[in-house]
Amino acid sequence: MAAASLDDFPIPKNLRDSAVLVPVFRDAAGEVQIVMVRRGNFGVHGGQLAFPGGKHEPTDASLQATALREAHEEVYLPPANVEILTSLPTVAVPTGFRIAPFLGRIRRPEVWQWQAEEIDEVLEIPLRHLLDAASHTEEDWHLPGWPGPRRVPYYRIAGGYKLWGASYRIITPLLPRLLTGEWNV
């Protein structure tokens with residue numbers, strides 16, 4: 001019997017708003033880089049690759065403000081170093097969040113720093129790597145708390161990491177748009 005899809009997980013009716021920044025920049029060689037974080041090994045998303053972001057707070061003027069605040073808190077990226085290019089389609093996840101992603105061209109810091117309590121690492125992933133069919137695959141996984149195995153699509157990332165879940169759902173439709181140069185990254 002084939003494993004069920006990740007799409008088979010029920011989405012709660014009452015979702016909490018959250019937002020992430022999808023930071024992109026061109027490196028010295030002119031290649032587009034996508035910035036992600038690897039979460040610390042705790043909590044429901046422990047060890048996973050993600051975009052800087054988090055829960056919407058009542059003091060945030062908007063979800064875009066949430067994404068900018070969280071990126072500043074998590075990876076010390078000042079809002080002045082981010083130009084929001086567009087909002088991307090929201091993603092609802094079984095853990096009870098509705099994620100609003102914002103694509104932002106960034107001025108990369110000289111050296112990445114991060115909030116060690118939440119983040120283990122900042123990764124710069126070349127767009128060309130994600131576009132390489134060899135980096136994309138799927139496997140059957142049965143993680144703790146899952147009722148059974150699920151077929152999980154993901155990207156293989158340097159360091160042995162797997163980009164899957166909500167981050168996968170955010171980045172996959174964005175890749176061809178970045179490739180065509182829809183935005184001046």
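This briefing walks through one predicted protein model, from its overall makeup to single residues. The protein chain has 185 residues, and 44% of them count as buried. Buried means under 20% relative accessible area, exposed means over 50%, and partly exposed lies in between (1.4 Å probe, protein chains only). The secondary structure comes to four helices and 12 strands. Helices (H or I, at least four residues) and strands (E, at least two) are DSSP runs, numbered from the N terminus.

**Ground rules**

- Residues are numbered from 1 along each chain as its sequence is written, and side-chain values use heavy atoms, with hydrogens and water left out.
- Because this is a predicted model, local features need pLDDT of at least 70 and side-chain atom pairs count only at pLDDT 80 or more, while totals for chains, interfaces and linings use all residues.

**Confidence**

- The pLDDT is the predictor's confidence in each residue, from 0 to 100.
- The protein chain averages a pLDDT of 90, and 89% of the residues score at least 70.
- Confidence is highest in strand β6 (residues 82–87), at a mean of 98.
- Confidence is lowest in strand β1 (residues 4–5), at a mean of 64.
- Where pLDDT is low, the predicted coordinates should not be read in detail.

**Surface and contacts overall**

- The accessible surface of the protein chain comes to about 9700 Å². Carbon and sulfur atoms account for 53% of that surface.
- Accessible areas come from the Shrake-Rupley method with a 1.4 Å probe; for residues, only the protein chains shown count as cover.
- Contact means heavy atoms within 4.5 Å.
- Take the contacts between residues at least 6 apart in sequence: 60% of them join residues at least 24 apart.

**Nonpolar cores**

- A nonpolar core is a set of buried Ala, Val, Leu, Ile, Met, Phe, Trp, Tyr and Cys residues joined through side-chain atoms within 4.5 Å.
- The largest nonpolar core holds 29 residues. Ile34, Leu130, Leu163 and Ile171 touch the most other members.
- Apart from this core lies another, of 18 residues, among them Val35, Ala67, Leu77 and Val122.
- Ile171 is in contact with Ile34, Phe51, Leu130, Tyr155 and Leu163, leaving aside its neighbours within four places in sequence.

**The aromatic pair**

- A search of the whole structure finds one aromatic pair.
- Tyr155 and Tyr168 form this pair, with 5.2 Å centre to centre and 35° between the planes.
- The pair counts as tilted. Rings of Phe, Tyr and Trp (its six-membered ring) pair if their centres lie within 6.5 Å; planes under 30 degrees apart count as stacked, over 60 as edge-to-face and the rest as tilted.
- Tyr155 sits in strand β11 (residues 150–157) and Tyr168 in helix α3 (residues 165–171), 13 residues apart.
- Tyr155 is buried at 4% relative accessibility. Tyr168 is buried too, at 12%.

- Two strands pair if DSSP finds at least two bridges between them.
- Eight of the 10 residues of β8 are buried, so the strand is mostly covered under the buried cut-off.
- β2 and β8 pair in the parallel sense over nine bridges. Val20 stands opposite Pro101 in β8.
- β6 and β8 pair in the antiparallel sense over five bridges. Ile84 stands opposite Gly104 in β8.
- Strand β7 (residues 91–93) and β8 pair in the antiparallel sense over three bridges. Val91 stands opposite Ile99 in β8.
- β7 and β8 form a hairpin with three residues between them. Gly96 in the turn has a positive phi of about 100°.

**Ser18 and Leu63**

- Ser18 lies in strand β2 (residues 16–26). Ser18 is buried, with a relative accessible area of 7%.
- Leu63 is in helix α1. Leu63 is partly exposed, at 24%.
- Leaving aside neighbours within four places in sequence, Leu63 is in contact with residues including Asp17, Ser18 and Phe102.
- The C-alpha atoms of Leu63 and Phe102 are separated by 8.9 Å, though the two residues are 39 apart along the chain.

**Two loop residues**

- Tyr76 is found in the loop between α1 (63–75) and β6. Tyr76 counts as partly exposed, at 42% relative accessibility.
- Phi of Tyr76 is near 55°, a positive value. Most residues other than glycine have a negative phi.
- Gln115 is in the loop between β8 (97–106) and β9 (119–126). Gln115 is buried at 19%, and touches Glu73, Glu74 and Tyr76, not counting residues up to four places away in sequence.
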